[in-house]
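Biologist: I am new to this structure. Please pick one part and look at it closely, then show me how the rest is arranged around it.

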Amino acid sequence: MKRIPTNIITGFLGAGKTTSILSLLARKPEHEKWAILINEFGNVGVDGAILEQQGAIIKEVPGGCMCCVAGLPMSVGINALLAQKPDRLLLEPTGLGHPKEVIHKLTSESYRNYVDLRATITVVDPRHFADSVYTDNANFQDQLALADVVVANKIDQCDDFDLYTFQTAMEKAEPKKALIAEVEHGRLELEWLDIERTDRQAQHSHHHHSHDQAEPLPELELAPGQQFIRKENHGQGYHSCGWFFAADQLFEFSKLFSLFSNLNANRIKAVVNTENGCFAFNVVNQVVSVNELSLEGFESRIEVIDSEILPWDELENILCSIVENTLAK
């Protein structure tokens, strides 16, 4: 049986993992079929919605680290994707996830005859290397320690000090990495995927919030007449709240952009139907990036992640008022 070339694309919140995978998909060999297992900290599946339009086969494990509960959610997702006989399999763990157990699972006896695990690629934002909130985080440290390739993303947004801090950290890193690279807009090179994997040791034990699901969470489904569903999650010092809105609920683009620009949260991700079409919003440190999507009849998904519990009820009321103002026009 052909072993499927497989890569883990990891990195902390806001580093640009999904953007990097989108860049790879845009340049993959036309004849190849790629499959992606996406793990999000939140429960409403924003990343899956963004990647799905690129023609890849997508499975999602929402609601926390996908290797929880003896790895069953991850195994179910991997098995479903392997059954599709893809030419390549990518795994995107949550930004708060730890790649150690994912690597262990993929190299276990259960998968070694089916999966050819190649380079683990860790995407980082160089600006984080001067911030102890990131550098003292055990998962951030181990995402670097277990990487075969470390990619400094968003260098167009960095100053000389940011790049110096990153480069200094990499020079001190042990063991030395197979490859250190600097890119803009998540542009990973396709040949990096086939770099040989090296056994590396994590610095920390794998401890994290574990949810109670023994299987992947079911598809979100609205009851007749229901406008939205709200889902919350917490773990590793972070809290998330996500909303899943019915496809006929349109948001006012300008007001949504303003809300995201002024909302002080660690991370905001959204795929939203507006009066101007469907858009993906990506917000890090109150800097909003927007991309238009060619989706129709799609349910809007909004996820907010922060180290503090935010006033979710107030935020929900604002979101609903933006929808109502649009529908009233």
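Modeller: Strand S8 and strand S9 (residues 238–245) run antiparallel, joined by eight bridges. Two strands pair if DSSP finds at least two bridges between them. Helices (H or I, at least four residues) and strands (E, at least two) are DSSP runs, numbered from the N terminus. Within this pair, His234 faces His239 of S9.

A word on the basis. This is a predicted model: local features need pLDDT of at least 70, side-chain atom pairs count only at pLDDT 80 or more, and totals for chains, interfaces and linings use all residues. Residues are numbered from 1 along each chain as its sequence is written, and side-chain values use heavy atoms, with hydrogens and water left out.

S8 belongs to an open, antiparallel sheet of six strands, ordered S8-S9-S13-S10-S11-S12. S8 (228–235) and S12 (287–293) are the edge strands; each has a single partner, so one side of each lacks a neighbour in the sheet. On average, neighbouring strands here are turned by 15 degrees against each other, direction ignored. Axes are lines fitted to C-alpha atoms, for helices over the stretch in contact, and angles run from 0 to 180 degrees between N-to-C directions. Helix H8 (residues 253–262) packs on this sheet. H8 touches S10 (267–274), S11 (277–284), S12 and S13 (300–306), and its direction makes about 10 degrees with that of S11. Contact means heavy atoms within 4.5 Å.

A salt bridge is a side-chain nitrogen of Lys or Arg within 4 Å of a carboxyl oxygen of Asp or Glu. Arg230 has such a bridge with Glu232, where the closest N and O atoms are 2.8 Å apart. Glu232 is partly exposed, at 44% relative accessible area. Arg230 is partly exposed too, at 25%. (Buried is under 20%, exposed over 50%, partly exposed in between, with a 1.4 Å probe and protein chains only.) Arg230 also bridges to Glu316, at 3.0 Å between the closest N and O atoms. That pair links distant parts of the chain: Arg230 sits in S8 and Glu316 in helix H9 (residues 312–327), 86 residues apart. Glu316 counts as buried because its relative accessible area is 14%.

Asp194 meets Arg88 at 2.9 Å, N to O. Asp194 lies in the loop between S7 and S8, Arg88 in strand S4, and 106 residues separate them. Asp194 is partly exposed at 41% relative accessibility, whereas Arg88 is buried at 7%. The whole structure has eleven salt bridges.

S4 (residues 88–92) pairs with S1 (residues 4–10) in the parallel sense over three bridges. There, Ile8 stands opposite Leu91 in S4.

The elements over its buried residues include S5 (115–124), S6 (149–152), S7 (179–182) and helix H6 (138–145). The buried residues of H7 are Asp162, Leu163, Thr165, Phe166, Thr168 and Met170.
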